[in-house]
Amino acid sequence: MAMVAQQHRESSSGSITKHLDSSGKYVRYTAEQVEALERVYAECPKPSSLRRQQLIRECPILSNIEPKQIKVWFQNRRCREKQRKESSRLQTVNRKLSAMNKLLMEENDRLQKQVSQLVCENGYMRQQLQNASAATTDVSCESVVTTPQHSLRDASNPAGLLSIAEETLAEFLSKATGTAVDWVPMPGMKPGPDSVGIFAISHSCSGVAARACGLVSLEPTKIAEILKDRPSWFRDCRNVEVFTMFSAGNGGTIELLYTQIYAPTTLAPARDFWTLRYTTTLDTGSLVVCERSLSGTGAAPNAAAASQFVRAQMLPSGYLIRPCDGGGSIIHIVDHLNLEAWSAPEILRPLYESSKVVAQKMTIAALRYARQLAQETSGEVVYGLGRQPAVLRTFSQRLCRGFNDAINGFSDDGWSMLSSDGAEDVIVAVNSRKNLATTSVPLSPPGGILCAKASMLLQNVPPAVLVRFLREHRSEWADFNVDAYVASSLKSCPYSYPGMRPTRFTGSQIIMPLGHTIEHEEMLEVIRLEGHSIGQEDAFMPRDIHLLQMCSGTDENAVGACSELVFAPIDEMFPDDAPLLPSGFRIIPLESKSSDSHDTLNTHRTLDLASSLEVGAATNPATGDAASCYSARSVLTIAFQFPFEDNLQENVATMARQYVRSVVSSVQRVAMAISPSGVNPTLGSKLSPASPEAVTLSHWICQSYSYHMGTELLRADSSGDESVLKNLWQHQDAILCCSLKSLPVFIFANKAGLDMLETTLVALQDISLDKIFDESGRKVLFAEFPKIMEQGFACLPGGICMSAMGRHISYEQAIAWKVFASSEENAVHCLAFSFINWSFV
């Protein structure tokens, strides 16, 4: 038996280079035959039998080979290609594991040194206490790194700058690989072969600090070039200006930089830095880029611009980039800042005193960006709609930058404040320098951009849950006609856009993904808002609105990360340089939730609350435990931009104030609904899998199915209330229920149904029945609908339907039946559908 298996393996591996001739002997393929087969394989790795026969007819050199042998050759060629790819993947994983093992060993050595240092300090302190019981000197502060401020006298000559640079290098290395800072693991970040890296934050030191270690498959010089371009990856960086650069005596370079950082909200001023950056190569071959603040006012552009910033301090920070065996580099990143929290309102100071926030915004973002570029360079990342990764990155950067410009409203950008209308809740600023008028409208009147913005404090509202709700449930807060008005500025003819003519918007949206980062922490997508003309004379004209949207911070486990939803109207076929006018939301956590409370937060309970948006002051006494599971504050900043003509500025300003106030009111209503303390007992959890209504509906669905079909929908052991609901929820087929209205919308789905439609129970109620079927599916449904209403059920043939994300889904069969609300046949509650053997196309 072993000999037979060995012969089979030899036969299989040899069929790539050999084939059986007419006499039954193996004959080696000629070079010409292999070349012809390889050409076909490159075009079609799995040719049909007709294609193989055509190949034999078209290539005389293959005429002496049996079609079966050609088939075997392609089978083995595919197998060899699969083995090659698997081998390459395993080698990559092995390199990552080796690099991660090296990092963990270094981290272990650092921790052992730190333990030894703490033991020595503890012994010394104990001895001091014994020798002088009256003295209470705390010498534990010796481990804290203090950074002396360097006078301008030191920075006024190259020798002084080189001295500062060398001192900065030593202090940075002591933080990156030594024990100068007491590092503790970043909450929620677990190292592993698939993780971005190893992350830590400072436990007790002056300022706030974060550190990261990771493997990036790029050369050190390329990584240094990427990380030096801070505005490309640090979304809060407004500008980096190099004032002086000269060569150091050891082959390195010294630069004096002026950096501006956006304020994340309208409630605090922006920050700026005046720093020295030192780039050099160590004796070990590692490349180092380190940076620290210099004292003095530095190179602020002018007094008026400087008044909008608070000078912050950068303690020795930077990047240690070590070449790795087998290619790639190991990066150590340290960010150590003093953000002068005293200058912010007291309620916002946790934002400037949190090492977790610095880690998310700077340290982790830098490593993720470097890895993203490495994967794009290697061709591992492929995005849809024919867009290059660099173009999509530019779109995301432009959305964030435009949104930050709107929030900050710097005077040197041309922004000026408008007088208030008496209430201080909404700030309105105008910018006459910016104008979206296109060259195709040469006679368009002068105007500019108006921004209405506001900030509000949220209590006990998870930012990730809120931003997901705003993304998936846009109709709860947005006025699509306002979206249409803003979008009309992108059109060459003002009458060619639905915002300029009577239009009825259905409230439904289709999300078309464009791309995402490697850990899906940021998504770029196109949103289509469906509209229909009211007038008959131009009913054929398209009425849809398209938005380019960036969403980030949807992971509830990302401690310290802010959540954003930023969007801008675009043309349907938007070019790479399309003008963007970003608006949106930013939710910044001010306090981190405890790790034990996170486990008790029920995601479905906060998401499945569409109907609770309509409740009044009703409360649920049973939700006290849920209210205690998330007790944290966050600040929400809203900014909306509108184009205007000079003669309509006051009208647009009034409209913008009213619109932002309505959005604020809607978001407050949404926040109350999704807050664990705001769950309503009767309406809030109507569609939740744990509610009594869901239990009742599950019984009605199963009983009606059994009545119509003569067979059970669930297993025979599903007898108890909870058992019926649980088994229906986990049923392998997608089961959905829709209302019996003029426009049927879905009111319930089990887990497979939500997965198929790629939605949540909240957003499910925005999807109408006809939207999920293609044209042929709608025709079949309309033809069978009378039969369903008369007979009570119908079996629909297999076909294609569409998810809420626009993806096509195939199903083998669909069964539709009436769901009775009681034992009486005329009490029809809804229609149920079961999609059998569905899969994404």
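The model is predicted, so local features need pLDDT of at least 70 and side-chain atom pairs count only at pLDDT 80 or more, while totals for chains, interfaces and linings use all residues. Residues are numbered from 1 along each chain as its sequence is written, and side-chain values use heavy atoms, with hydrogens and water left out.

**View 1. Arg 77 and Glu 38 form a salt bridge.** A salt bridge here is a side-chain nitrogen of Lys or Arg within 4 Å of a carboxyl oxygen of Asp or Glu, and the model holds 21 of them by this rule. In this pair, the N to O distance is 3.0 Å. Arg 77 belongs to helix 4 (residues 67-131) and Glu 38 to helix 2 (residues 31-43), so the contact ties together parts that are 39 residues apart in sequence. Helices (H or I, at least four residues) and strands (E, at least two) are DSSP runs, numbered from the N terminus.

**View 2. Arg 230 and Glu 291 form a salt bridge.** Their side chains meet at 2.8 Å, N to O. The pair links helix 8 (residues 230-233), which holds Arg 230, with strand 9 (residues 287-293), which holds Glu 291, across 61 residues. Both residues are buried, a word that means under 20% relative accessible area, whereas exposed means over 50% and partly exposed lies in between (1.4 Å probe, protein chains only).

**View 3. Asp 272 and Arg 311 form a salt bridge.** The N to O distance is 2.9 Å. Asp 272 is buried at 2% relative accessibility, whereas Arg 311 is partly exposed at 22%.
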